Number of protein chains: 2
Amino acid sequence: MEKKTNKTKQSSHIQSVEKAILILDILSKKNEGMSLTQISQKLKYPKSTVHGILATLRDYKFVEQSEETGNYKLGTRLFELGNKVARSWDIRDAAIPIMKKLNKQFGETVHLGAEDNGDMLYLEKIDANHLINISSEVGVRLPMHCSGLGKVLLAQKSPAELKRFINQKGLPALTRRTITTQSALEKELEKIRKQGYAIDDGEIMEGLRCVAAPIKDANGIIRYAISISAQVRDLYGTRLNQVIQETVRAANQISKELENL
Amino acid sequence: MEKKTNKTKQSSHIQSVEKAILILDILSKKNEGMSLTQISQKLKYPKSTVHGILATLRDYKFVEQSEETGNYKLGTRLFELGNKVARSWDIRDAAIPIMKKLNKQFGETVHLGAEDNGDMLYLEKIDANHLINISSEVGVRLPMHCSGLGKVLLAQKSPAELKRFINQKGLPALTRRTITTQSALEKELEKIRKQGYAIDDGEIMEGLRCVAAPIKDANGIIRYAISISAQVRDLYGTRLNQVIQETVRAANQISKELENL
DNA sequence: GCAGTTGTTCGGTATTATCGAACTATAGTT
DNA sequence: AACTATAGTTCGATAATACCGAACAACTGC
């Protein structure tokens, strides 16, 4: 009778909903799409189970089938909902005009980011004027400890919170410049707190430098950050100083916008 | 035994998944969020049912709870997935650079759209340089028969398809200039086919004019369109002609990109 | 035409979603 | 502060429903 009683006791989840979510998750990793059997094998669900859930998701446009291959892919309804979410954030309205100004001043890529469950989540991006563009993308997650945006946000965590963060996420290295020890990170964050901005020096990607400054929400809590990214060879000396100054200024301006909103 | 056998016979849907989807749908209509009871009342589901589904969705970030109000809103995972969907479309990569060029030439708002189940769906938008911006938004749907983008796409439907479209969607009027009769629409579409572009003259919104041109995909099928929108008072005479010429040219250029991709 | 694969349908089984009601927490009122 | 009213959460019994395996159908490629 009790076949799998003690298997996964965790917190009650509606199974079929969870399965649907996991199907979407797995589809999000393959943008060429997946076939029914691929999904069913990967998730170890019987084909008929997957079939039923996919049919439901399809009818509501959460997934769609490629006409040629018949493969399932994420559907337009998710696109719609995702944009709805983006539009619901006041931060975007406040930040985008100022980000654009910053982009005009230096011609470089400008990012807006926030923490989402221990990850850096890119909320918005203004592309550089030149053709070589940073290959980041809105809606993408990145480890916090190696991006300028992430470090700025980490800098205001309490020691306990920081510890918890490191335990949960670790400090994986993306390049050989990535900070990978707790002590080094603590020192770096202390520095960031003092100077009021962060610099990422090839910690995500060799040759990429970025300057990030914190944004306070209406309650004065640092919850967002903006950054300018460019090749190291375009961002040094006096220009770097200018960029720092202007980035901090822009971030403060956005904070002020959020205050009286 | 058979309490509700003949209630909803339609096609088999996994109930709980469907309920989860409907919860997301209803949340997407209120961006200030909704409380558990509001949702449960609106959808006529018992509170405990909604509670369970929401808990599952919450744990996977498909919804999140406002810290102050406790209201449920769409979550960041949807933002992530939505952007994933957007990135999976090659059309965006091909179109965006050319759309930006078009935006630079005239300084006006440029849109990219496609049909999604009988609606115009905005896929991408480049904002105008000036402050007065069209209040359209990416990820939003609009009736096809009253936007330039939509009319361009309608123009290549067969009479039977057009008929089906009208039956399904009707021809609701958004302004007093909106085309609301089948015969008027047929005439308009014929004109569009001849000239190779469409003009929307205040049919969505009084005072707004927009010029749209079709984009062919790799198989030569018109599946997308771009448009320039501006106030009528900024878009007439020789400038209008220039805009038409350049919009068509840009659309053709994008079609060519898609060909050899 | 046949083997191999993938997608779809079907029906019995018991797992699991469901629902009402009881319970707790929270907010508002006097 | 106590009390009311509302919202949110937990619980447990019930049977409806998701689940699964297997059989069937539809393709594909050889």
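## The surface near DNA strand D

The residues of the surface near DNA strand D split into 11 polar, five nonpolar and two charged. Here "near" asks for a heavy atom within 4 Å of the strand. As for the classes, Ala, Val, Leu, Ile, Met, Phe, Trp, Tyr, Cys and Pro count as nonpolar, Asp, Glu, Lys and Arg as charged, and the others, Gly among them, as polar.

Keep in mind that this is a predicted model, where local features need pLDDT of at least 70, side-chain atom pairs count only at pLDDT 80 or more, and totals for chains, interfaces and linings use all residues. Residues are numbered from 1 along each chain as its sequence is written, chains are lettered from A and ligands numbered from 1 in the order in which they are written, and side-chain values use heavy atoms, leaving out hydrogens and water.

## Who touches the DNA

In total, 18 residues surround DNA strand D, and the closest are A:Ser48, A:Thr49, B:Gln15, B:Thr37 and B:Lys47.

Now for some polar contacts, meaning pairs of N or O atoms within 3.5 Å. A:Ser48 puts a polar side-chain atom 2.9 Å from a base oxygen of DNA strand D.

How do you get chain A onto chain B? Rotate by 180° with 0.0 Å of shift along the axis, and the RMSD is 0.0 Å. That's the relation of a two-fold axis. In chain A, A:Gly82 has the C-alpha nearest the axis, 2.2 Å from it.

## Two lysines with positive phi

Most residues other than glycine have a negative phi. B:Lys44, in the loop between α2 and α3 of chain B, has a positive phi of about 60°. B:Lys61, in the loop between α3 and β1 (63-65) of chain B, has a phi near 65°.

Methods. A polar contact is a pair of N or O atoms within 3.5 Å; within protein, one must be able to donate a hydrogen and the other to accept it, and residues adjacent in sequence count only if both atoms are side-chain atoms. Copies are superposed by least squares on the C-alpha atoms of residues with pLDDT of at least 70 in both. Helices (H or I, at least four residues) and strands (E, at least two) are DSSP runs, numbered from the N terminus.
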